Every structure is written in C-alpha cells, then in structure tokens.
Amino acid sequence: MRAVDAVMEGLKAEGVDVVFGLPGGANLPTYDAFVNGGVRHILVRHEAGGGHAAQGYAKATGKVGVAFATSGPGATNLITPICDAMMDSVPVVFITGQVRTELLGTDGFQEADTLGITIPIVKHSFMIQDPREIPRAIHEAFYIARSGRPGPVLIDIPQDLSRGEIEYEPVTDVRLPGYQPTTEGNQKQIRQAAKALAAAQRPVIYAGGGVVNANASEELVEFATCDRFPVTCTLMGLGAFPAPHPQWLGMLGMHGTRAANYAMDEADLICAVGARFDDRVTGKLSEFAPHAKFIHIDVDPAEISKNIPAHIPIVGDAKHVLAKLLVEYRALGVDPARLGAWWERIEGWREKYPLGFEDSADSEIKPQYMIQALYEATKGEAIVTSDVGQHQMWTAQYYDFPAPRRWINSGGLGTMGFGLPAAMGAAVGCPDRLVCCVAGDGSVQMNAQELATCAQNDIPIKVFIMNNGYLGMVRQWQELFWDGKYSHVDTGEFPDFVKLAEAYGATGMRFTDKATLVADCKRAIATDGPVVVDVRVTREENTYPMIPAGQAAREMVG
Amino acid sequence: MSVMGEPGTKEPLSLEELQASTGLRTGRKHVLSILVENKSGVLTRIAGLFARRGFNIDTLTVGPTDDEQISRVTLTVDGALHPIDQVTKQLHKLINVLKIRDLEPSDTVTRELALFKVSAEGAQRGELMQIAEIFRGKVVDVTKRSVIVEVTGTTEKIEAFEGMVRPFGLIEMMRTGEIAISRGRSET
C-alpha cells in the first residue's frame, strides 16, 4: 500500500479516533489517504488551533492527541502547541509534511527545518528517510508520547516518501533501548518515605499534574485520607484531589490560598507527587519551605532535585508509588491524632484568610463572581478550559474541581489562545460532557478562528469571555510593580464579540447584570451549538491573594 | 535578592546576581562518555540540549564503535560551572542516548591529538625539534620556514607543549578534543 495508507492503518491500530489538521502542498498525499482511510479528521482554521485541540483532547480523555500540518508555515504554526505540550507533559503526536527529498536543504517552496526547529521542544522526533520506516515510527511515536512522562512527538514525512509503496504490518515489538522509563518506584525508598511521613508532625502533600497524567487520583485520595494529610495541588494538578474536601487546602503558589502557602512554609515534611517545584510555586527558592524535608516522587528523574534537593527521591509514576506507599504506611499503624495540632494551625489560617473578594454594590459583575456563577450554573460538573491570565487564576481559585481531567489550561508555557481550541478538542473527545472555556478578551482573539470549526462541525463549546477590556494580568503587574504606568494593555471594546460569534455561525450573548448572571449562564449552556458569551466584568480588579514575584510565601498580599 | 528575570523586578540586576544559579557544582572537569544510536540528528539533539540548558561543552569528539549502529560521544564539561547531575539526567532523557558514564579521572585514560604549525627558521629548528622529542612529538612536515609537530597526550601535556612552542611563533594549532577509556578489564 502507499505509505500514507500505512499512516492511516498505524493511527487506527493505535486507537486514534480523531485527527485535527489542515492540508497543504507537502501533505497532499496524506490528505488523499484520509478520503477512504477510516480516520475522522477535523479541519481546523489555523494549525495552532489544531495543535491545541489535540492537547485539549488528550488532557480530557487521557489518550494521545493527534495533529497534522503541512510543511513550512504549517509546521511552524505548530511550534506553540508543541512547546506547550512539552511544558505541560501532554501526549500528542504531530505529523508534518515536508518538501520532496530532492528539495531538502535547497530552501524550496514551503521548506522549513521542522525537525531542527522543534528539537528543543519535543520529547522525541522522527525524520522519515525511507518510507519503510513509517509504520515503526508511528508506533514508536505513540509509545513514547504516552509512556513515562508524556510529551509531544513529531514525525516529519517528505512528500515523495509518503507516496512510496510499502508493506504495512502493525509493529507490536517497540524496541527503544535508550528509553526505559522507571514507573514502579524503589521499594526501599518508598518504605523510607512511609517512615518519614509517619514521623512528621507537620506534613503536606503537594500534588501536581503528574498525578493526573498517571490517572492516580484515586490512589492520591486513598493515601491522603488513610491519615489526615493536608493536600494542596498545583495549577496543573487541580481536580486530582476533589475540592471541596476537609483535607483540601486549595491551590498553592503565586495566587494560591494562604492556608496552602503557609502550610508549605511551616511544614516539616513535604511529599511532592508529580510536581516540579516550578518558580510559580516556590517563589523565592532560598526561602521556600525552610523547615521542610522533601520526598519527591516523579516519573522523570531529571525533575528530582532540579530546583529543590530531595531527601527521599523516588523515581516512578504516581499511580504505582502511591499504591505502594499506602501499603507501607498502613503497616506502620500511625495514630492520626498526632496531626491534631497541625490541623488546628491550618484551620486557623483557613478561618482567618478564606478566599474572598469585595462584591459590587450595584449590578456590576465582579470577575470572581462570574466564576462562582458559572460553577453554580454548571453544578461544578463541566470540563473547563482557560487561556492565560487573571481569568485563569480566578477560575483556578473559585471553580472547585471535583475530579481530574476537568481543568484544562496552559500552565508551563502560559499560552494565550489555548482555551478555545482546547475546549474544542475536549468536546470532541468527551461528547457527552459540557465543555466551557473561560477566556480573556485578549487571549480569546488569538485562536478565535476555531469558532468556525466548532460551528461547521457542531462542536457545542460554551465560551465565557471575561471581558474587562484589558490585558488584565499585565495591567495588574504594571499597577502594582511599575508605578501604575499602563503601557499597551488597554484593548478597548474591540471587537464586538456578539457579532463576531454570529459571523462565525455561533450564538453570541452579552451579560452585564450580576443579578441574573446564574440564570443567564444556564441559558447559554442550554443553547445548542457553540455559544460565545461576552461577560462584562469590573475593569480594574486584581487577582489576590498574591506572592509578589521573587518573594517568600509568608509575604503574601491581598 | 530578587528572582532573575521576573517582570516584577524593576531594579537592574548585578552581574553576580545574573551569574548566581542553582544546582550542585563539583568544581572539577568531567569527562562524559556517551553511547548513542547512530542516527541522523543525534549530535544536534545533544548539542541543542547543552545550548538550551546553558551548559557549555569544552571539548567534543564523536566516533564509531565496534558496533556500526552505535557511536560514541566523548565530551568534557566544567563541573565548576554546571550541575553535572542535571547534565547527565537531561542527556538520559534523549531517546537516542543509550548509556552515559561520568568517568572517574583516576580510573580513566584520556588522550588528545594535536597538530602544531610553528615558524622555525635556521637555528630555531633544532631547538624546536628537541622540545618535540621531549614531549614524544613527531615532526610530520617541514618547510624552510615552518614545522608541523604532532603531539598526543592528556590535555595538560598538550597545553604544556603549546606553552613551550608559543615563543617560537605558533602559526596555528589543531586539537581533536579528548577521548577517554576506563582502566581495567570492564567496558567503558
């Protein structure tokens, strides 16, 4: 068969049910194979939209997402999604077309060194040099993308090679001698960790996206509740531990709760699970958790002791390690009453510093209230995606995620324009669930073109734009740290989002009154097809609480 | 002190602050012997990784092994500047990297080859040849105005020889970078 037909067979053998992509000259043969290939393809309007949709699909379903693009500009438009997938460990296979082999290196039409450009931002990549390599490359790519610490894998296929005649046989014996992820965790180290946890007076479990990736939420809850361990999650880990819950401290880090940050600050033992001590979590590194010893569980050994030296390092995935840790810990027969004093201290913080904001006296919608209203209207059951900025932080703070894979956002790279296409991908992957995107009025325009894709394919995402007419987070920083001199953050009332939605074939709405907001949100959700809601919120509201950049958790403000 | 590069820090950063970074430093030179799959782009991946993480490679050599599907990369890194532990862990993440050894200096034989083109006219030539002999160097080319000397040895020896011939007028010098093999029966 043609090599491109083998691509289709490979995708099917890997269980791929949808591909997001856009055709062009160099992948014409591949698109010909889609005609009778038996693989669903959704035509996006910009390759970045396709890449983020594949990420949203992967994050919502736990399966590998797939995005296609042509050579040159098609491939370079994928750079942001590839890098985003790398930073947030999202399993996505990207397949790009390349110019004919005889044109390689000649600066041919739509030629770009896709492999070279993407080397720093992929988990691995393949440049096809012989069409017979394609089946193995496909299967190896999927294996690498989903195993160990998940990540993006790229396959670049020159146009002439994709037309080659080859035999296809599914590859079942993936042999990668240089890639053998450790998932089990060292038993001795796990026993050490259990003993340290049993001896701790002020322990905190600090869980990240690794728990979600390993589908280890149940194990986390079971372990945390086998004693009374306080739990905090990173932005990427939200939902891994159900909120609200008596042992849930809220998110930690720059815009986390005081209870979570103060608990980290006073802890004597921190058990990090699938989290990487990002600077948005630690603040000033030298003053981060000054009294604590660290257990660090991660499937990627390079994360352990990268930023904070671990006292008990455990290389393994969260699912295996937490299950074993539970057995070891139970065997020690620890008295949960010993954490009484610690909980009293934490309860004190919770009572004194609950998350809160000053509501408006009139009909004005405060952005925090917008999230509360959305929570109420969706009963907390929606999959929620977001872009990056104030609206993202408020969603993380005020939407209590009860389960993993409900909160889909761009954490590491902080990509504006992520939310809308990610919602599209999540909705395609989970057609029975309500998918909402909370977007910023700045961010949403960076991939608004995918509304056309949603309208054409009847992908019923509900986009709630938190519209304050500013690039809000930048404005906040200019206000707080740059003497209130606003430099290029005012976006005004452009565009008219209701008209924009309608032009794309979606339903447009505008909400301005807090009194009817919950009912209005319900109305938007009940409307068929894609809906875009322009929610007018307070223009200058700041995201609090906040650890000013480069400071310690104790110095939280707001 | 503020965190480097935070948009919230308005104050200019001092050079010391810019140079301060985290990670364990061993303070000595490290020779990493790396077995890689002989596939296109592998060297780019390794070099790119070093560049992206801000690690500087001092010397780099690549050559075949007895298995044609596997190549060996030998590179030296300054452990005073870079956290070697992070370097090797990041290298391990490359799918094409099969094995890495951070060679113990006392258990390792290292060699480098260098060619020195030195101006040598008349009486100077004899003296130069004597020095070459002391260093067990080989004269591989002679003209009326210059001599090329081949020297093999450790980096220290090469550098010592360089110091000796520089006063004669070093026209140019070519060095291969180090290769290394572990002492004793076991494989590197």
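The model is predicted, so local features need pLDDT of at least 70 and side-chain atom pairs count only at pLDDT 80 or more, while totals for chains, interfaces and linings use all residues. Residues are numbered from 1 along each chain as its sequence is written, chains are lettered from A and ligands numbered from 1 in the order in which they are written, and side-chain values use heavy atoms, with hydrogens and water left out.

**Where chain A meets chain B**

- Chain A brings 29 residues to the contact and chain B brings 24 residues, where contact means heavy atoms within 4.5 Å.
- The size of an interface is often given as the accessible area lost when the parts come together.
- Here the area buried between chain A and chain B is about 2,200 Å², with 55% of that coming from carbon and sulfur atoms; buried area is the accessible area (1.4 Å probe) that two parts lose on being put together, summed over both.
- There is 1 salt bridge between chain A and chain B, a salt bridge being a side-chain nitrogen of Lys or Arg within 4 Å of a carboxyl oxygen of Asp or Glu.
- That bridge pairs B:Lys93 with A:Asp300, and their closest N and O atoms are 2.5 Å apart.
- You'll also find 6 residue pairs in polar contact between chain A and chain B, both residues at pLDDT 80 or more. A polar contact is a pair of N or O atoms within 3.5 Å; within protein, one must be able to donate a hydrogen and the other to accept it, and residues adjacent in sequence count only if both atoms are side-chain atoms.
- On the side of chain A that touches chain B, β5 (124-127), α12 (279-282) and α19 (472-481) of chain A each supply at least two residues. Helices (H or I, at least four residues) and strands (E, at least two) are DSSP runs, numbered from the N terminus.
- Sorted by class, that side of chain A has 15 nonpolar, 6 polar and 8 charged residues. Ala, Val, Leu, Ile, Met, Phe, Trp, Tyr, Cys and Pro count as nonpolar, Asp, Glu, Lys and Arg as charged, and the others, Gly among them, as polar.

- A:Gln476 sits in helix α19 of chain A and is buried, at a relative accessible area of 0%. Buried means under 20% relative accessible area, exposed over 50%, and partly exposed in between (1.4 Å probe, protein chains only).
- The A:Gln476 side chain reaches the backbone nitrogen of A:Thr543 at 2.8 Å.
- Setting aside neighbours within four places in sequence, A:Gln476 is in contact with A:His255, A:Gln390, A:Asn542, A:Thr543 and A:Met546.
- Helix α17 (residues 419-429) of chain A has 10 of its 11 residues buried, so the rest of the structure largely encloses it. Among the buried ones are A:Leu420, A:Met424 and A:Val428.

**How chain B is put together**

- Chain B has 5 helices and 9 strands, and along the sequence they run α-β-α-β-β-α-β-β-α-β-β-α-β-β.
- Of its 188 residues, 38% count as buried.
- Looking at contacts in chain B between residues at least 6 apart in sequence, 73% join residues at least 24 apart.
- Strands β6 (residues 138-142) and β7 (residues 146-153) of chain B pair in the antiparallel sense over 4 bridges; two strands pair if DSSP finds at least two bridges between them.
- A hairpin of 3 residues joins β6(B) to β7(B), and B:Val142 has B:Val147 in β7(B) as its bridge partner.

**Salt bridges across the structure**

- Over all chains, the search turns up 47 salt bridges.
- A:Arg175 and A:Asp173 form one at 2.6 Å, N to O; A:Arg175 is exposed at 55% relative accessibility, while A:Asp173 is partly exposed at 35%.
- A:Asp534 and A:Arg536 meet at 3.1 Å, N to O, with A:Asp534 buried at 0% and A:Arg536 partly exposed at 24%.
- In chain B, B:Glu162 and B:Arg166 bridge at 2.6 Å, N to O. The two lie 4 residues apart in helix α5 (residues 155-169) of chain B, about one turn of the helix.
- An α-helix has 3.6 residues a turn, so residues three or four places apart point the same way.
- B:Glu162 counts as buried at 14%, whereas B:Arg166 is partly exposed at 47%.
- Salt bridges that share partners also link A:Arg149, A:Asp300, A:Glu303, A:Lys306 and B:Lys93 into one network.
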